[in-house]
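Got the sequence and the model open side by side? Let's take a walk through the fold together, stopping at a few places on the way.

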Amino acid sequence: MAAKAKQMMQMTLSPFLSFSVASSVSALPVIHPSKSRALLMSACRSISTSTDTNKKKKKKSKESKIWHSKSKGLAKEKRRTRSLRDCDIETEEKEVDDSSCAHIPVMLGEVLDVFSPNSKPLCSFVDCTLGAAGHASAIIQAHPQLKVFIGMDVDPLAIQLARSRIHALSQSPHFQAFTFLKNYRHIKSLLSQVDRPDILSSGVDGILMDLGMSSMQVNNPNRGFAVLANGPLDMRMDPQASLKAEDILNSWPDSEVGRILRDYGEESNWRFLQNKIVLARLQGGLHSTGELVDVIRSASPVSRGGRQGWVKTATRVFQALRIAVNDELRTLEDSLYACFDCLAPGGRLAVISFHSLEDRIVKQTFLKLVDCNKKGGDVSVEESEIRDLKRIKSEDSGKELWIRQTIQGSNGIILTKRPITPSEKEEGLNRRSRSAKLRVIQKV
Ligand SMILES: C[S@@+](CC[C@H](N)C(=O)[O-])C[C@H]1O[C@@H](n2cnc3c(N)ncnc32)[C@H](O)[C@@H]1O
């Protein structure tokens, strides 16, 4: 009987399973055949169930992996709104006549949409970061009714180039353009210098801040901004400023050098790099971008991505130094408050940022501005985010199709709940645009 049961088991089980089950059953001493059959069935069930369960588990985990990676991608997608605008980069390139210093304005079409005559007719406009005046020229040309244009930049070369471009634009006799070699943190005092008393009292209709460096600056090795071109360790946007990257690297306290790398470069290997930089001081210090890059390269293990790895590290270190040299983050935050103060009711401030530290400041300051409009107000961003004074409107806002979701506060509206990023086409055509984020706020 036992042999029959064994035979039955072998018949029932798949050839693959027969060996183990058969041998384990044959090891059972005295079992009634009906019991052995029941045992067999239960073994079969449990084996097939556990195989099924494993298969299901594998399938589930595979599906969950796919879902997670999809949802991660979706979440990433959702945190920003990619522009669907078709960018005409050839036209933008033509705008810049001197190809040796060509700067292609980033998200030009999107900026024109923000200040389109469909919103509030522009009578006065401020460009805080003139650069090569790519945005400025396009805005002036798109708004024939514009009466006052005010532009500023800390870089004398940019101002020179921008001035000649702006003044070459034929405008109505009522149009006045003022350009200043000044830091945008002084926007309020500059507006008071403009010979238009109405500007300071009633405010301006539009303000643009296109942060970061121009191509003229990056492409000039003498400015010290480029990782892959040797030059002095300068990195000043304003050549009149006293602090250079060289001063930080060679004479700031060790811990400050580390702090900069950690906080402004978000560099995980900051302590090791700090030690390497301090060590270099003992051998005469660092005086060129090439020397700094050598230190970074020697401190970056080949296992961490080879050339890609050290170039990325160098990019983070250069960003950190540039932010510190130009006090960029504090200047940005202070200036956002100042700019908002200078807006007329209904006026808009648009900011294009190029890295997460800048974007975070813009995002958080906008939230504070629509809420209380007072620096150091006691409402934290998190609190204010939950507070129901914000109404989130998901529907398209009437005629302006670029506006998707807004955040309404008592002092203004954030017109970009999520930042707008360049279209895929623009990203493909202009590498510099890839990290750009556009955020817009409107005063009530
Ligand atoms: C990205 S470029 C602007 C390009 C410009 N929108 C165009 O279309 O040609 C940024 C400019 O901002 C200037 N800049 C940076 N920080 C500044 C500051 N704090 N005050 C004024 N200008 C600043 C730089 O010198 C640079 O020329």
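First, a word of caution: what you're looking at is a predicted model. The protein has 444 residues, and 39% of them count as buried. Its secondary structure comes to 19 helices and 11 strands. Looking at contacts with a separation of 6 or more, 67% of them are between residues 24 or more positions apart.

Now find strand 3, residues 148-153. Is this strand mostly covered or mostly open? It's mostly covered, with six of its six residues buried. In a regular strand, side chains alternate between the two faces of the sheet. Here Val148, Ile150 and Met152 point one way, Phe149, Gly151 and Asp153 point the other way, and all are buried.

Which strands does strand 3 pair with? One partner is strand 2 (residues 124-127), which runs parallel to strand 3 and is joined to it by four bridges.

Keep helix 6 and strand 3 in view, as each of them supplies at least two residues of the shell around the ligand. That shell has 22 residues, and the ones that come nearest are Pro105, Thr129, Gly131, Gly134 and Asp210. Sorted by class, the shell has 10 nonpolar, nine polar and three charged residues.

From there, hop over to Leu112 in helix 5 (residues 108-114). Leu112 touches Ala138 and Ala142, leaving aside residues up to four places away in sequence. Ile139 is 27 residues from Leu112 in sequence, yet the two C-alpha atoms are 6.6 Å apart in space. Is Leu112 buried or partly exposed? Leu112 counts as partly exposed, because it has 18 C-beta neighbours inside 10 Å, and a buried residue needs 20 or more.

Next, a quick look at backbone angles. Most residues other than glycine have a negative phi. Met235 has a positive phi, near 70°, and isn't a glycine. Look for Met235 in the loop between helix 10 (215-218) and helix 11 (245-251). Met235 is buried, because 25 other C-beta atoms lie within 10 Å. Glu266 also isn't a glycine and has a positive phi, about 50°. Glu266 is in the loop between helix 12 (254-263) and helix 13 (270-282). With 14 C-beta neighbours inside 10 Å, Glu266 counts as partly exposed.

The last stop is helix 16, which covers residues 328-342. How far do its 15 residues reach from the first C-alpha to the last? They reach 20 Å, close to the 21 Å expected at 1.5 Å a residue. The buried residues in helix 16 are Glu328, Leu332, Ser335, Leu336, Cys339, Phe340 and Cys342.

Note on methods. Residues numbered from 1 in each chain as written. Predicted model: local features only at pLDDT ≥ 70, side-chain atom pairs only at ≥ 80, totals over all residues. Expected span 1.5 Å × (residues − 1). Buried ≥ 20, exposed ≤ 12 C-beta atoms within 10 Å, placed from the backbone. Pairing = 2+ DSSP bridges. Near = placed C-beta within 6 Å. Nonpolar A, V, L, I, M, F, W, Y, C, P; charged D, E, K, R; others polar. Contact = placed C-beta atoms within 7 Å.
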